[in-house]
Amino acid sequence: MRLVSFELLWLRIPFQQRFAHARSERTASDTMLVIATDGDGRRGFGEVIPRSYVTGEDLESCFAELGPALAARMLGKELKGQNELVTFVRALLQEGNRGPALLGGFEGALLDLFDQSTGIDFAALLGPPRT
């Protein structure tokens, strides 16, 4: 799986009712949609939901600098199998200069793309929900 492009889209999802908790109140959720495309035209989707009061991240910085920089870091990367994918994502985590929400959204897009390219169902690998 060779990563050939990334799209970063701002998505606003309105709520039917106002949502409030101790740290915030909102009538919609703003999120970044990450779309990763491989050399065969498959598209994987991930979602970044930064909250400054949780991770210190905000959408503005994710769109202005952090997201494009991470996309550029991944662009052209060839991931041949599950071990290479896991090793690559772990290396990104260990670099420590990216927020967890941003990295999680890109990781989601990569896993979705990997599912499609290999036929491996990551949900099935995790097993049924535990109670």
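Helix H1 (residues 59-74) packs against helix H3 (residues 100-118) at an angle of about 40 degrees, and their axes lie 11 Å apart. Helices here are DSSP runs of H or I with at least four residues, strands are E runs of at least two, and both are numbered from the N terminus. The axes are lines fitted to C-alpha atoms, for helices over the stretch in contact, with angles running from 0 to 180 degrees between N-to-C directions. H1 and H3 are therefore oblique to each other; angles under 35 degrees count as roughly parallel, over 145 as roughly antiparallel, 65 to 115 as roughly perpendicular, and the rest as oblique. A word on what you are looking at: this is a predicted model, in which local features need pLDDT of at least 70 and side-chain atom pairs count only at pLDDT 80 or more, while totals for chains, interfaces and linings use all residues. Residues are numbered from 1 along each chain as its sequence is written, and side-chain values use heavy atoms, leaving out hydrogens and water.

Which residues of H1 and H3 meet? From H1 come Cys62, Leu66, Gly67, Leu70, Ala71 and Met74, and from H3 come Leu102, Leu103, Phe106 and Leu110, where contact means heavy atoms within 4.5 Å. Sorted by class, this contact has 9 nonpolar, 1 polar and no charged residues (Ala, Val, Leu, Ile, Met, Phe, Trp, Tyr, Cys and Pro are nonpolar, Asp, Glu, Lys and Arg charged, and the others, Gly among them, polar).

Now turn to helix H2 (residues 82-95), which packs with H3 at an angle of about 175 degrees, with axes 11 Å apart. That makes H2 roughly antiparallel to H3. On the H2 side, Gln82, Leu85, Phe88, Val89, Leu92 and Leu93 meet Leu103, Glu107, Leu110, Leu111 and Phe114 of H3. Val89 is buried, with a relative accessible area of 9% (buried means under 20%, exposed over 50%, partly exposed in between, using a 1.4 Å probe and protein chains only). Setting aside neighbours within four places in sequence, Val89 touches Glu107 and Leu110. The C-alpha atoms of Val89 and Glu107 are 7.1 Å apart, although 18 residues separate them along the chain.

Finally, the largest nonpolar core has 27 residues, and Leu3, Phe6, Met32, Met74 and Phe106 have the most contacts inside it. Such a core is a set of buried Ala, Val, Leu, Ile, Met, Phe, Trp, Tyr and Cys residues joined through side-chain atoms within 4.5 Å. H3 gives the largest share of this core, 8 residues.
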